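Have the structure open beside you as you read.

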Amino acid sequence: MLEIEGIELRYGAVKAVRDVSLRMEQGELVTLLGANGAGKSSTLKSIAGVLKPARGTIRLDGQDISGLSPEQLVRRGVAMVPETRDVFPDLTVEENLQLGAFCRRRDTRGVAASRERMFDLFPLLAERTRQPAGTLSGGQQQQLVIARAMMSDPRLLLLDEPSLGLAPVIVDRIFEMIVELRQSGVTILLVEQNATKALKISDRSYVLSLGRVAASGTSDDIAARSDLKSIYLG
Ligand SMILES: Nc1ncnc2c1ncn2[C@@H]1O[C@H](COP(=O)(O)OP(=O)(O)OP(=O)(O)O)[C@@H](O)[C@H]1O
């Protein structure tokens, strides 16, 4: 479904990613691990069209998508939940969710079905539809940004550090929700500092170091390699 070949990503003179290649099959849950600054977020941003590769290609279903805008990519089924977890604080939970469906406004039935699906998965949001999103707790806001991304009915969901800064009990719930989303058929690329938990729920993993792939394999194999821990734990 997704093939990244030899991408280089830059912020001006800074090379954030030097040479990353990765592949994902439809329905897989893949984790990207790496210390701070390894290039994980930049890789996600390039798939979502936020950062254009200076070199290399990104293909979705065999088509080169490296020049497309974030909006074009949402229409092609790619949604990203950035690390910044930014809700629209003055808008209600309901309004935040509806904004996630901006690219399928005419599909009223489909949007209503997605909304019901998200309320099943995130019952806390169903109880708070009229509440301004800025008044939700951190864990609730994380649920809202995942649900908002899911309102575009993506086939590929990019999740950047969904557990960051949350209490352990909430982190467990977020991980359960990721597993439920995956079971519903969404392909997921997950960036996580919480390596132990991420390796437990994912099929395969890539370990990034200084903008390159240092190792890749099944998550069980990566978890068993003690030599990699110092690389991804920093
Ligand atoms: N907006 C930016 N401008 C300049 N340099 C940046 C910018 N964003 C990231 N970088 C640099 O690019 C490199 C890779 O950053 P990136 O955020 O992709 O890493 P990461 O693995 O996601 O780390 P973290 O967990 O800290 O987010 C780092 O050296 C970082 O300082």
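## Terms and model

Strands here are DSSP runs of E with at least two residues, numbered from the N terminus, and two of them pair if DSSP finds at least two bridges between them. Please keep in mind that this is a predicted model.

## The E9–E10 hairpin

With those terms in hand, look at strands E9 and E10, which form a hairpin with two residues between them. In the turn, Leu210 has a positive phi of about 50°. E9 covers residues 204-209 and E10 covers residues 212-218; the two run antiparallel and are joined by six bridges. Ser205 sits opposite Gly217 of E10.

## Overall fold

The protein has 10 helices and 10 strands. Its C-alpha trace spans about 45 × 40 × 30 Å along the principal axes. A compact globule of 234 residues would have a radius of gyration near 17 Å, and the protein's value of 17 Å agrees with that.

Of the 234 residues, 41% count as buried. Take the contacts between residues at least 6 apart in sequence: 65% of them join residues at least 24 apart.

## Around the ligand

Which element gives the largest share of the shell around the ligand? That is helix H1, with three residues. H1 (40-47) and strand E2 (14-24) each supply at least two residues of the shell.

The residues around the ligand include Tyr11, Val14, Ala16, Lys40, Ser41 and Ser42. Gly34, Asn36, Gly37, Ala38 and Gly39 are also among them. By class, the shell has six polar, four nonpolar and one charged residues.

Methods:
Residues numbered from 1 in each chain as written. Predicted model: local features only at pLDDT ≥ 70, side-chain atom pairs only at ≥ 80, totals over all residues. Helix = DSSP H or I, 4+ residues; strand = E, 2+ residues; numbered from the N terminus. Rg over C-alpha atoms; globule rule 2.2 N^0.38 Å. Buried ≥ 20, exposed ≤ 12 C-beta atoms within 10 Å, placed from the backbone. Contact = placed C-beta atoms within 7 Å. Near = placed C-beta within 6 Å. Nonpolar A, V, L, I, M, F, W, Y, C, P; charged D, E, K, R; others polar.
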